[in-house]
Amino acid sequence: MRATVRDVAALAGVSPKTVSNVINGGVAVRPETRERVERALAELDYVPNLSARGLRNGRSGVIALTLPEMGSAYSAELAQWFVELARERGWTVQLDQTGNDPARERDLVSRARAHLVDGLILNPVSLSGSVLAGAEGLPPTVVIGEVEPEHVDQVHVDSPAAAEQVTTYLLSRGHRRIAIAGAALAEGATATSELRESGYTAALAAAGIEPDPALRVPLPAWSTSAAATAFAAWLDEHPLPDAVFAFTDSIAFGVLHVLAARGVRVPEQVSVMGFDDVDGAAYAIPALSTVSFDRRAFATAALDLLTQRIEDRDAQPRTVVIPHRIVERASVAGR
């Protein structure tokens with residue numbers, strides 16, 4: 001039969017309340033007492049009854065994290081931090097991806113309303129059609145990324161400012177014809193692509209440079225393979241730019257692959273910048289200059305906001321902006 005808290009308490013010679021304090025944390029227990037309880041837990045192979053716990057406190061101990069896709073290095077790194085940091089708080093993370101489909105968002109919200117998860121961390125790509133477009137009936141939710149509904153807690157990087165900084169940096173290195181890989185498509189534009197392009201355009205305007213529509217490289221998806229295919233097709237029709245600002249590192253990897261395959265030297269002939277500073281950026285050939293921000297701080301801020309939202313559903317929504325910086329490596333030429 002499944003061991004109970006009372007069984008553990010009897011074996012450890014303590015009260016059931018003490019066993020609960022050891023299991024749940026938050027209450028100080030003397031080290032020698034904790035050790036006895038932990039030995040009893042191990043000996044009895046005790047497994048918490050999460051269903052019963054949920055019935056008592058209305059909590060499942062599970063939160064949901066949903067990203068547009070799970071295949072990129074950025075998504076994998078971010079998800080890893082969420083899982084590790086949530087575990088320290090006693091939460092299990094249910095991972096999901098929307099595939100940019102608002103219907104999947106609505107399904108997650110329905111599950112939260114049914115108390116199958118305690119809260120949601122969502123990364124919608126646009127507010128249009130998103131379940132976040134309205135606040136009514138929304139469970140505890142934190143938005144990560146560029147969509148900015150004013151009625152929901154949010155954590156993001158300042159994309160326009162970062163993109164403007166990247167473009168200004170490339171201009172300072174003597175580049176004038178700067179292509180952007182990841183530009184918004186005519187239909188279905190993401191908030192991130194629009195915001196990063198706005199920062200790029202602002203930097204050009206400040207330098208007195210008219211944006212050239214021919215330097216926009218729209219992508220059907222922000223993956224390395226899609227970037228390689230689209231950028232190769234673009235190069236077939238356009239002369240080499242001075243530099244390429246890729247809106248993610250995954251896009252930049254595709255750009256670097258195409259340039260290497262065509263014998264174009266980076267950065268001697270074309271400079272390349274990325275965004276995100278994933279682990280592989282430092283090991284690209286050449287090492288990729290990019291925008292970096294603290295992924296641990298990003299996940300911590302989102303989990304802090306979700307904890308507060310679960311405890312106080314009526315609190316005013318808060319927004320946390322995570323600082324960013326440019327990491328200079330070998331993929332950008334000097335003046």
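In which sense do S8 and S9 pair, and over how many bridges? The views below come from a predicted model.

**View 1. The pairing of S8 with S9.** The two strands, S8 and S9, pair in the parallel sense, over 3 bridges. Phenylalanine 245 stands opposite methionine 273 of S9.

**View 2. The open sheet.** Four strands build an open sheet, ordered S7-S6-S8-S9, with parallel pairing. From one strand to the next, the twist averages 20°.

**View 3. Helices on the sheet.** H7 packs on the sheet and touches S6, S8 and S9. The direction of H7 makes about 165° with that of S8. H8 lies across S6 and S7 and runs at about 165° to S6.

**View 4. The largest nonpolar core.** This core has 47 residues. Leu170, Phe231, Phe245 and Leu259 touch the most other members. Elements that each supply at least two residues include helix H7 (159–172), helix H10 (249–261) and strand S6 (178–183). H9 gives the largest share, 7 residues.

**View 5. Around leucine 259.** Neighbours within four places in sequence are left aside here. Leucine 259 is then in contact with Phe231, Leu235, Leu240, Val264, Val266, Val270 and Val272.

**View 6. The whole chain.** The protein chain holds 11 helices and 12 strands. Of its 335 residues, 47% are buried. The chain exposes about 16,200 Å², with carbon and sulfur atoms supplying 51% of that area.

Terms used. Residues numbered from 1 in each chain as written. Predicted model: local features only at pLDDT ≥ 70, side-chain atom pairs only at ≥ 80, totals over all residues. Heavy atoms only, no water. Buried < 20%, exposed > 50% of the residue type's maximum accessible area, 1.4 Å probe, protein only. Areas by Shrake-Rupley, 256 points an atom, 1.4 Å probe, with all protein chains shown as cover. Core = buried A, V, L, I, M, F, W, Y, C linked by side-chain atoms within 4.5 Å. Contact = heavy atoms within 4.5 Å. Pairing = 2+ DSSP bridges. Axes fitted to C-alpha atoms, helices over the stretch in contact; angles between N-to-C directions.
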